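Q: I would like a close look at a single part of this model, followed by a few notes on other sites.

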Amino acid sequence: MRPKVLFITRWYPNRVDKLDGNFIENHARAVFQYCDLAVLHVCADPAMSDKNFDWEMKEEFGFPVFRVWYRNNNVSKKGIGRVIKFFRYLKATRIGWELVKKSFGLPDLNHVHIFTRPAMPAFYLQWRYGIPFIISEHSSHFVYDLPVLLPPLKWFAQFTAKNARYVTAVSKTLQKAMLDFGFYGNYTIVPNVVFVSHDEMKNNDGNTINIVAIAGLSDVRKNIAGLIDVFTEAHHELTNANLHIIRPVPDVLLQQRGEESGLLNQKIYFHENLGNDEVYALLRKSSFLVVNSLSETFSMAAAEALACGKPVIATRCGGPEEFINEELGKLIDVNDRQQLRDALVWMSAHYRKFDPEKLKNFVEENFSSGVVGKKFLTLYQIVLNH
């Protein structure tokens with residue numbers, strides 16, 4: 001019998017950000033192969049001004065997704081404003097739970113994604129109905145820039161880790177960082193899900209080298225600005241190379257760097273607000289991917305490039321070095337401009353020597369939805385059997 005599982009998640013693709021938590025969506029798709037599933041996602045919508053709450057229920061990939069938004073743009077970011085937003089979050093969560101209960105019913109198990117707010121409804125459901133929960137953490141803050149938590153919030157997060165039946169992390173690097181932060185629990189590693197592309201792979205033409213990088217909502221960790229600087233310095237050595245940067249939204253800093261380079265819309269191109277399918281389409285047409293991050297817990301970008309048969313240049317920033325090797329790409333040190341420059345020149349000359357099918361097979365064997373879905377099913381069964 002398929003267990004009924006409810007994902008309660010802080011991040012998930014939504015109207016504010018199409019790529020927000022897309023790795024959690026991938027986990028959901030993997031779990032749905034073996035379980036009855038629903039997703040509850042609650043978040044703020046900075047553009048909402050005509051009401052305090054809004055919600056929707058959509059069936060996506062065969063399972064229902066309940067999204068509830070609350071307004072946060074008419075109160076301050078400090079003091080009483082934070083209190084108001086907190087209570088709006090609680091009300092939005094209650095709205096979402098009523099929708100779930102009516103359409104999906106009581107789950108057998110709750111799967112919380114991201115500390116700490118989504119754990120609150122999980123604790124309520126455990127107290128009210130005896131429903132156990134596990135928690136998965138994805139955030140790279142623990143690896144690079146430890147979150148600043150007020151003592152009560154940190155205590156709650158530590159209490160959550162101890163009371164979850166399992167705490168899953170996507171890499172050993174993230175698990176160690178969380179333990180160092182004081183989040184002790186019953187840990188196990190479950191990687192991100194990556195879907196292998198079976199579509200045709202090709203460059204735009206035989207001579208152009210298309211380098212791709214994927215930015216975040218801010219450039220603090222991804223260090224795309226540093227990549228733009230190095231590419232600009234080395235572009236005379238990379239005569240046939242273009243740099244394509246995927247970013248969720250326009251970014252003032254990156255725009256300025258692009259303009260200052262003198263190469264914008266000549267050799268450096270920005271691609272904004274792309275969905276997953278569009279990202280994969282661009283990766284399939286690329287020559288290789290660059291991950292120039294200061295920290296990563298896993299690096300979905302690197303794994304997705306491999307899934308498209310493309311090699312990767314990645315920094316040793318936490319996650320990538322746990323699976324990137326010389327057969328899959330090239331590792332460099334964080335913030336080493338000379339190593340990055342040398343790697344760009346080297347990969348531009350050697351990317352065709354990497355076997356696309358070998359790269360895709362590696363992803364299929366380690367990060368496919370079937371592999372990850374079965375790992376979660378095993379954890380669910382252990383929890384429910386006890």
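How much space lies in the second largest pocket?

A: The model is predicted, and what follows is computed from it. The space in the second largest pocket comes to about 310 Å³. Helix H1 (22-32) and helix H8 (276-284) are the elements that each give two or more residues to its lining. That lining consists of 16 residues, and those nearest the centre of the pocket are Arg29, Phe195, Asn276, Asp277 and Tyr280. Sorted by class, the lining of the second largest pocket holds six charged, six nonpolar and four polar residues.

Next, a threonine. Thr93 is part of helix H2, which covers residues 80-103. With a relative accessible area of 8%, Thr93 counts as buried. Once neighbours within four places in sequence are set aside, the contacts of Thr93 are Leu40, Val42 and Pro121.

A search of the whole structure turns up zero disulfides. For Cys317, the closest cysteine sulfur belongs to Cys308 and lies 19 Å from its own sulfur. A disulfide requires the two sulfur atoms to be within 2.5 Å, so the sulfur of Cys317 is too far from that of Cys308 for a bond. Cys317 is also buried, at a relative accessible area of 5%. Cys43 is buried as well, its relative accessible area being 12%. Both values fall under the 20% cut-off for buried residues.

Terms used
Residues are numbered from 1 along each chain as its sequence is written. This is a predicted model: local features need pLDDT of at least 70, side-chain atom pairs count only at pLDDT 80 or more; totals for chains, interfaces and linings use all residues. Side-chain values use heavy atoms; hydrogens and water are left out. Buried means under 20% relative accessible area, exposed over 50%, partly exposed in between (1.4 Å probe, protein chains only). On a 1 Å grid over the protein atoms alone, a cavity is a set of points where a 1.4 Å probe fits but cannot get out, and a pocket is an open set with protein on both sides within 12 Å along at least five of seven lines; lining residues have an atom within 4 Å of a point. Grid points are joined across faces, edges and corners, and a volume is the space filled by probe spheres set on the points. Helices (H or I, at least four residues) and strands (E, at least two) are DSSP runs, numbered from the N terminus. Ala, Val, Leu, Ile, Met, Phe, Trp, Tyr, Cys and Pro count as nonpolar, Asp, Glu, Lys and Arg as charged, and the others, Gly among them, as polar. Contact means heavy atoms within 4.5 Å.
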